[in-house]
Amino acid sequence: MAGTDRIAEPWGTRSPYGPGEAWPQRVDTHLAEGLSAEDVDSWIQTASLLHSNGDAMDIAVKDGRIVGVRGRAVDRVNHGRLGVKDLYGWQANSSPDRLTRPLIREGGRLVETDWDTAMNRIVQRTQELLDEQGPSAIGFYTTGQLFAEEYYTLGVVAHGGLGTNHVDGNTRLCTATAAAALKESFASDGQPGSYTDIDHADVIALYGHNVAETQSVLWMRMLDRLAGPNPPKIICVDPRPTEVARHAAVHLAPLPGTNVALMNGLLHEIIANDWVDHAYIEAHAVGFQELAKRVQDYPPEVVAEICDVPADQIREAASILGHAERLLSTVLQGFYQSNQATAAAVQVNNINIIRGMLGKPGCGVLQMNGQPTAENTRECGADGDLPAFRNWTNDAHVKDLAKVWNVDPMDIPHYSPPTHVMQMMRYAEDGSIRMLWVSGTNPAVSLPELPRVRSILQQERLFLVVQDIFLSETAQLADVVLPAATWGEKTGTFTNVDRTVHLSEKAVDPPGEAKADLDIFIDYAHRLGLRDKDGAPLVKWHDAESAFEAWKECSRGRPCDYTGLTFEKLRGGSGIQWPCNDEHPDGTERLYEDGRFFSAPEYCESYGRDLVTGAPLDETEYKALNPSGKAILKAAAYVPAHEIPSEDFPFILITGRTLYHFHTRTKTGRAPELQAAAPDVWVEISEGDAAVVGISEGDLLEVASPRGSLQAKARITGIRKGVVFVPFHYGYWDTEGGHEPDDAGRAANELTITDWDACSKQPIFKTAAASVKRIAAADGPSPAPTTTASRPVAPLAEAEMDPMTTGGTR
Ligand SMILES: Nc1nc2c(c(=O)[nH]1)N[C@H]1C(S)=C(S)[C@@H](COP(=O)(O)OP(=O)(O)OC[C@H]3O[C@@H](n4cnc5c(=O)[nH]c(N)nc54)[C@H](O)[C@@H]3O)O[C@H]1N2
Ligand SMILES: Nc1nc2c(c(=O)[nH]1)N[C@H]1C(S)=C(S)[C@@H](COP(=O)(O)OP(=O)(O)OC[C@H]3O[C@@H](n4cnc5c(=O)[nH]c(N)nc54)[C@H](O)[C@@H]3O)O[C@H]1N2
Ligand SMILES: [Mo]
């Protein structure tokens, strides 16, 4: 890929291929200015940590420093390709403002200290709180960006050691709904499909998933199929004109928050036309009658009215889905973070199930992950669930886990559902959670309703520990800040969306005294003196490989069985998909090939919930519904979003991502090429709405919701009318204010609502009511990229473009 400006051409050149053929390799490389491959001392194996695709790469090392990256051609996931964030994002590792020493708060200020002082302060506070109140005073809020070994250790410490039920990951904001939707349909987490389904599919349907920007290598795979013979048809469900929409056979742009109505409309058509695999349903699923009955209420005309989508488009999309021979469905935040998240995502599973399209090449469901290691947060129990998809309401599972950890089953909290992060924030607000340990996430920017979140985290009475690699907005509020080593500076494994496990090796030393998250958690366990029931140390491992071995044992016999993997086996070649065990020594491409599921009552991870109210089913109800372990078709009625537009707040606000940045930009904002490509916040608005409000490209707007406001420059795009979009990447670490807005805000979450999905407890970042006001005339175009969904409807005049602030237009 020499010579291609990947900022301007993010997806690079095409390598067309046909159905059933192997995706051609293409090795993408980027090295620091002036270096060539001969200058590199060594190449160290890893995979991407800036999205969930799991793109395998080697880190180039010279003189003990990271100097670039190269895609791994042998890997099943990316065949050598890399996305634009990965090509440039590694530069953040050597940023001069990395945290290098622990910090503690003294007289209101954070000051440098040594590890002993910082850790002892945490341990002392932990012990005081355990004595005074017990484990319910302590909460852990982790991430989807550490390694499996780290989550497993944290889960053991929190659940098995302290015995607190307040453990969650930012995966709650991210893929809680993916897990919930899989639990509803298959009674267990675990991705049915495989990326190789793209090589075979004749229809690919993407629901609320802007894959072009958020898993750009996966999109390259789709683009290469589109450029080859017998290309697949794409169906896109998104209110914005994403690159996916631009390549779609049918682009459905529903009003945000109406996904369930739309899905019921599609199912209505598929069932009414009998594009249904009755033999498959008969053999492998329960619940068809109820589903068929429920969707009768959603003929295309009714749905067209609710979603503001033409009825004929719904019919056309349904016909494509109904005639597909190999249907791949993908789902992401447009469903997971929107109204009725789980109910909507489950309807996607339903389409594949009733069409009998599971467990065969090209027939898959990818309930996507977002973060690189979110799968491991879920598997290892750092999201509150019990490790290896054990069912916390099944006493036999708890007993089994207690055996693995050598603790008393009563020491593992399982008396109530794990506390989800929004509830933890509530407890901290009320003062019952008094210590919160945040690792690898930046809630002061990423949680909804920031004015409230800041006030909770700032409280004097809350002891806040933040473990990060930078002094993030959240770290600035902490009582103790622990400097972490990150990707490239520590070893471990992580697992992508399609269950591919990758080894990530240490390439360079961390800066200063920064330590691997694993070492920090182990140190905490030992300092606290956590023991098993025989008095031996609870945490019996000391490094990544020994932690991996312990995790493997915990996963034995469960759906995510890792027992056939070793570091050695993961070294040198491609990543390997779990389950990998004696039965499947080379891993498993697709789950459910034999139409058998992990859903037997005694084996399953979850008995499921009512999709509308979220009320859990108990064992007896589950056994009555699904006695013999089939897939479950679950229906749901459409219920409108809680906050709908009003006279004062006439727009629907949605938020999300751009290609060039990762989340709160702590990494991508420190990579000059990426920062220049999208340097500041903007707001997308349709041409029609802009004309009504009297807005031109680049005008400064105030966007307000009942919770707060921000200022951003207008980008007029093909977004559907009535909707505005704000990227959520822009917080305050690189503004004067530091952790809060100076005068005008710019973080999307100033506006978002404290509300969550009834089933998955995932916060609703997409759908709130907002107003838009013009406050100043343009002094140039908005800082939004022009290569992506934020492409302007009218081309920007050359003279207007600042080459440093218009991303792909250079
Ligand atoms: N470049 C980049 N890539 C990333 C990340 C990143 O920060 N930057 N983050 C990673 C992570 S953690 C995640 S979770 C993923 C997220 O990946 P995506 O889910 O693909 O990204 P989003 O932009 O959050 O949302 C996707 C789309 O949902 C649409 N949408 C909003 N509301 C609705 C609705 O009600 N219905 C429908 N049908 N669509 C709606 C939006 O218009 C948007 O285009 O990306 C991962 N990859
Ligand atoms: N409005 C709105 N809000 C959203 C979303 C949205 O679409 N709209 N999406 C939500 C989603 S899906 C997600 S995933 C979240 C993401 O939200 P966050 O998790 O808050 O975002 P990040 O910027 O990835 O934060 C990760 C933090 O971990 C630090 N870090 C990086 N590597 C390491 C490491 O190895 N060790 C440690 N200890 N720290 C490390 C980084 O410096 C950074 O401060 O945002 C959510 N918030
Ligand atoms: Mo995410």
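User: Which residue in β21 is the bridge partner of valine 501?
Analyst: Isoleucine 576. Keep in mind that this is a predicted model.
User: How many bridges pair β19 and β21?
Analyst: Two, and the pairing is antiparallel. Strand β19 covers residues 500-504.
User: What is the strand order in that sheet?
Analyst: The order is β18-β19-β21, in an open sheet of three strands. The pairing is antiparallel.
User: Why is one side of β18 and of β21 left without a neighbour in the sheet?
Analyst: β18 (492-495) and β21 (576-577) stand at the edges, and each has a single partner strand, so one side of each has no neighbour in the sheet.
User: New topic. How many residues surround ligand 2?
Analyst: 34. The closest are Gln145, Asn170, Ser446, Asp468 and Thr664.
User: Which atom of ligand 2 is 2.8 Å from a polar side-chain atom of asparagine 749?
Analyst: A nitrogen atom. Lysine 667 also has a polar side-chain atom 3.4 Å from a nitrogen atom of the ligand. For lysine 766, a side-chain N or O atom is 3.2 Å from a ligand oxygen.
User: And how much of ligand 2 does the protein cover?
Analyst: 99% of the 910 Å² of accessible area that the ligand has on its own.
User: What about the largest nonpolar core? Which residues touch the most other members?
Analyst: Tyr207, Leu266, Leu321, Phe335, Ile351 and Ile354, out of 142 residues in that core. Another core, of 64 residues, lies apart from it and includes Phe140 and Trp437.

Methods
Residues numbered from 1 in each chain as written. Chains lettered and ligands numbered in written order. Predicted model: local features only at pLDDT ≥ 70, side-chain atom pairs only at ≥ 80, totals over all residues. Heavy atoms only, no water. Core = buried A, V, L, I, M, F, W, Y, C linked by side-chain atoms within 4.5 Å. Buried < 20%, exposed > 50% of the residue type's maximum accessible area, 1.4 Å probe, protein only. Pairing = 2+ DSSP bridges. Helix = DSSP H or I, 4+ residues; strand = E, 2+ residues; numbered from the N terminus. Near = heavy atom within 4 Å. Polar contact = N/O pair within 3.5 Å; in protein donor to acceptor, adjacent residues only side chain to side chain. Areas by Shrake-Rupley, 256 points an atom, 1.4 Å probe, with all protein chains shown as cover.
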